[in-house]
Amino acid sequence: HKVFAKTLRSLAKEAGPKAPLCVISHSLGSVIASNYFYDLQENPRKKIISKSVLNKMGDTPLEKDETLSLFYTMGSPIALWSLRYPNFGTPIQFPPPKLKKHWPNIKGEWINYFDKDDVIGYPLRRINAAYNKAVTADKAINAGGFLTNWTPLSHKGYWADNEIIKPIAKSLAGVWRKINK
């Protein structure tokens, strides 16, 4: 959480305190990102977040999870993580409730990419009704190269897959156009 808070603080300084935030996460990184935003939404500035993390956090809308506009999870084990909780837990509020206050023209999207051969990444919308509402879409893709896309090694192939790169780039460009009219 300290690294995440420090990175968001740096990003807020460079991109602006209200910049629309896009998080692209893979595997355990998707759990870490989701958990960080969940903690902010559930108990901002309270005991759930340690003092050492609070010391790294700033007070801008970007750092307070008010501008998370695009969230992409790839090969995410959130479905496995959710087995720890009754009714499979609660996702982050997505889009964040205050997004419209800062960026009324941005709808926001949480796209979860998974490969059926990946034993770590799973669809998220089917976890429960809350995830079905929060996650915009689960997109099945065929990650990896010729020798890996049909095996569990497909888990390493998300970052270089055009079925992911092109739609994310298109969404980023769309947000950029909306905020730079």
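Guide: A surface patch here is built from residues with over 30% relative accessible area and no salt bridge, and like charges are joined within 9 Å. Lys and Arg count as positive. The model is predicted, and what follows should be read on that basis.

On the surface, Lys100, Lys107, Lys178 and Lys181 come together as a patch of positive charge. One of these residues, Lys178, sits in helix 7, which covers residues 162-179. Lys178 has a relative accessibility of 40% and therefore counts as partly exposed, since that label covers values between the 20% limit for buried and the 50% limit for exposed.

Of its members, Trp159 belongs to the loop that runs between strand 4 (137-140) and helix 7.

Now the aromatic side chains. The structure contains 6 aromatic pairs. In one of them, Phe71 and Trp110, the ring centres are 4.9 Å apart and the planes meet at 45 degrees, so the pair is classed as tilted. Phe71 has 0% relative accessibility and so counts as buried. Trp110 is buried because its relative accessible area is 0%.

Trp110 also pairs with Tyr131, in an edge-to-face arrangement with 6.5 Å from centre to centre and 65 degrees between the planes. Because Trp110 lies in strand 3 and Tyr131 in helix 6 (residues 129-134), this pair ties together parts that are 21 residues apart in sequence. Tyr131 has a relative accessibility of 5% and therefore counts as buried. Taken as a group, Phe71, Phe94, Trp110 and Tyr131 form one aromatic cluster.

Gly58 counts as buried because its relative accessibility is 6%. Gly58 and Lys6 are separated by 52 residues in sequence, yet their C-alpha atoms are 8.5 Å apart in space.

Technical notes. Residues numbered from 1 in each chain as written. Predicted model: local features only at pLDDT ≥ 70, side-chain atom pairs only at ≥ 80, totals over all residues. Heavy atoms only, no water. Patch = residues over 30% accessible without salt bridge, like charges linked within 9 Å, V, L, I, M, F, W, Y side chains within 5 Å. Areas by Shrake-Rupley, 256 points an atom, 1.4 Å probe, with all protein chains shown as cover. Salt bridge = Lys/Arg side-chain N within 4 Å of Asp/Glu carboxyl O. Charge placed at Lys NZ, Arg CZ, Asp CG, Glu CD. Helix = DSSP H or I, 4+ residues; strand = E, 2+ residues; numbered from the N terminus. Buried < 20%, exposed > 50% of the residue type's maximum accessible area, 1.4 Å probe, protein only. Phe/Tyr/Trp six-rings, centres within 6.5 Å; stacked < 30°, edge-to-face > 60°.
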